[in-house]
Structures are given as structure tokens and as C-alpha cells.
Amino acid sequence: MSIRNFVKRALGIDSLNSDDHQRNLVADAKIIFDVGANIGQSAKTYRRLYPTAEIWSFEPFPATYESLCRSLGDSRFHPMGFALSDRVSKTQLNIGAVSITNSLLRRQSDTGKTIEVQTDTIDHFCSEHGISNIDILKVDVEGAEDRVFKGAREMFSRGAIRSVFVEVYFQSVYERMPLFWDLDAQLSKLGFGLCGLYSLNSSRDGFLSFGNALYLRQDERGRRNRTGHDRHSDLTYGALAETGT
């Protein structure tokens with residue numbers, strides 16, 4: 001056993017990956033929004049973690065959306081062929097060298113090609129579809145994450161979103177994109193606390209580039225304490241950062 005693992009075990013710290021951590025913190029997830037679904041990688045993971053959950057996956061790029069539609073074949077999977085953002089409108093999607101880098105924002109390495117796509121907001125979509133709450137809001141939209149959050153003001157304000165799993169950047173890649181600390185401040189104001197950082201990647205200069213972050217609504221902590229499920233409430237920020245893989 002390594003010294004690090006020995007110390008973790010001695011302190012009672014569990015090293016969880018993002019899948020285990022989400023399943024531990026939101027064990028009873030029934031509604032999941034997969035925003036920036038690509039070809040269904042996250043949808044497949046969430047189906048494994050939550051076999052009976054309703055999964056709404058949003059992907060605006062037509063060819064990728066076709067693959068997304070084939071990723072799961074059950075009645076609780078709902079692929080949507082448009083983007084979630086901060087307004088109900090149409091906008092330009094910048095096409096990247098690979099589909100996972102398509103974005104509403106410009107990137108230096110994009111192809112220079114664009115297509116027009118429909119956008120909606122979480123608030124409007126939930127109102128139209130009778131969705132009263134979201135247990136897990138997963139957002140991976142290549143720099144436009146803050147737009148998705150702005151489009152969910154009403155849902156956030158009434159505490160209808162329990163957790164957020166979001167891709168975060170520590171260095172700017174897209175024009176006018178929010179970085180980790182920007183999103184962290186935004187989610188903190190909305191009443192969320194950081195629970196873990198995962199899959200952290202560094203650039204060639206050795207500085208952090210991007211990764212994933214998990215946030216839980218602060219009032220969930222009180223609920224978990226009352227039910228005896230808060231296993232990580234005493235961890236420091238540094239220890240929480242160590243829970244990633």
C-alpha cells in the first residue's frame with residue numbers, strides 16, 4: 001500500500017471516482033439532464049449508474065445527434081437535437097476539428113465552419129415538458145457552461161436542481177469562456193458546494209488545463225446529515241481534490 005493510500009485509509013478518506021461519488025451523493029437520482037451529450041458517452045454511464053432514471057440528452061450537431069439517438073434504446077432515454085443555452089433562439093455552432101470540440105464559442109483550432117442551431121433554456125424546456133426538478137445536471141458544452149446556468153435561473157432559485165457535474169477549464173481555450181473559478185463563484189452564489197474534482201489534465205507547461213467538478217446543493221448536506229449519509233462533510237478542499245481519478 002502506498003503512503004498516500006495508507007494516510008487516506010487512516011483518516012477515513014475514500015478515494016472515489018466521479019461515477020462512484022455521484023452515485024454516493026445522489027443515490028436516488030430520477031431526472032438527469034445530459035447537456036452536451038455528444039454520441040451518448042455520459043448517457044450510457046448514467047444508465048448504468050441509475051437504471052430507472054429519466055435521462056434527457058441534448059446535442060445540437062446533426063451527425064452526432066444521430067449517433068446519440070442510437071446510444072440507448074429504452075423508453076426513459078430522451079435525446080434532443082438542440083442546444084441548451086441562455087435564451088430560446090437560433091445561433092451559430094462553431095465546428096471543431098473533432099465533434100467533442102464543437103461549441104457556441106470560437107476556438108483557435110476550430111475549422112472556421114459554422115451551422116445554425118436551435119437553442120432553448122432549461123427553465124423553458126422544463127416548463128414545456130412538466131419537469132419540476134433535476135437531480136443531476138451534467139454540463140459539458142465547451143466553454144458555454146455559464147450560459148446553460150443562466151438559462152436555469154428559475155430552477156436554481158427554487159432549489160429544483162440538486163447537483164451539478166460540469167467540465168471546468170483552468171486555462172482559456174474558447175473566446176470569452178468562464179474558467180473554473182468563475183463557475184465556482186457562480187455556483188456558490190446559487191447555493192452549491194464543491195464536492196470533488198476529477199480527471200484533471202495538465203498542459204505541456206505543467207499547469208492545470210481542464211477536468212470535471214461535482215457540486216451539491218448546500219441544503220442537501222443537512223438532509224444527508226439527518227439521514228446519516230454524509231461521509232465527506234469534514235474533508236478539506238485539498239482532500240476533496242484528491243478524490244479524483
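In helix α5 (residues 122–129), the residues Ile122, Asp123, Phe125 and Cys126 are buried, where buried means under 20% relative accessible area, exposed over 50% and partly exposed in between, with a 1.4 Å probe and protein chains only. These four cover an arc of only 165° around the axis, which puts them on the same side of α5; the arc is that of the directions from the helix axis to the C-beta atoms. The face of α5 turned away from this buried side carries the exposed residues Ser127 and Glu128, and just after the helix Gly130 takes a positive phi of about 65°.

This is a predicted model, in which local features need pLDDT of at least 70 and side-chain atom pairs count only at pLDDT 80 or more, while totals for chains, interfaces and linings use all residues. Residues are numbered from 1 along each chain as its sequence is written, and side-chain values use heavy atoms, with hydrogens and water left out.

### The protein as a whole

The protein has 10 helices and 10 strands; helices (H or I, at least four residues) and strands (E, at least two) are DSSP runs, numbered from the N terminus. Of its 245 residues, 49% are buried. The accessible surface comes to about 12,200 Å², and 49% of that area belongs to carbon and sulfur atoms, as computed by the Shrake-Rupley method with a 1.4 Å probe, where for residues only the protein chains shown count as cover. Among contacts (heavy atoms within 4.5 Å) between residues at least 6 apart in sequence, 65% join residues at least 24 apart.

### Nonpolar cores

In soluble globular proteins, nonpolar side chains tend to be buried together. A nonpolar core is here a set of buried Ala, Val, Leu, Ile, Met, Phe, Trp, Tyr and Cys residues joined through side-chain atoms within 4.5 Å. The largest such core has 41 residues, and Phe33, Ile122, Leu137 and Val164 touch the most other members. Strand β8 (residues 161–169) gives this core its largest share, 4 residues. When residues up to four places away in sequence are not counted, Val164 touches Leu137, Phe149, Phe156, Leu187, Phe192, Ala213, Leu214 and Tyr215. A second, separate core of 20 residues includes Val26, Leu68, Phe77 and Leu214.

### An open sheet

Strands of a sheet pair through backbone hydrogen bonds, either parallel or antiparallel. In this model 3 strands form an open sheet in the order β4-β6-β5, with mixed pairing, two strands being paired if DSSP finds at least two bridges between them. Strands β4 (83–84) and β5 (89–94) stand at the edges with a single partner strand each, so one side of each is left without a neighbour in the sheet. Strand β5 pairs with strand β6 (residues 114–120) in the antiparallel sense over 6 bridges, and the bridge partner of Asn94 in β6 is Thr114.

### Salt bridges

A salt bridge is a side-chain nitrogen of Lys or Arg within 4 Å of a carboxyl oxygen of Asp or Glu, and by this rule the count comes to 12 salt bridges.

| Asp19 | Arg48 | 3.1 Å |

Asp74 is partly exposed, with a relative accessible area of 29%, whereas Arg47 is buried at 12%. Asp19 forms its salt bridge with Arg48, and this pair links distant parts of the chain, with Asp19 in helix α2 (residues 18–25) and Arg48 in helix α3 (residues 41–49), 29 residues apart. Asp19 is partly exposed, at 22% relative accessible area. In the remaining pair of the table, Arg87 counts as exposed at 52% relative accessibility, while Asp86 counts as partly exposed at 25%. Elsewhere, Asp28, Asp135, Arg162, Arg217, Asp219 and Glu220 are linked in a network of salt bridges.

Ala27 is placed in the loop between α2 and β1 (31–35), and at 58% relative accessibility Ala27 counts as exposed. Ala27 touches Gln22 and Tyr50, not counting residues up to four places away in sequence. Ala27 and Tyr50 are 23 residues apart in sequence and 8.3 Å apart in space, C-alpha to C-alpha.
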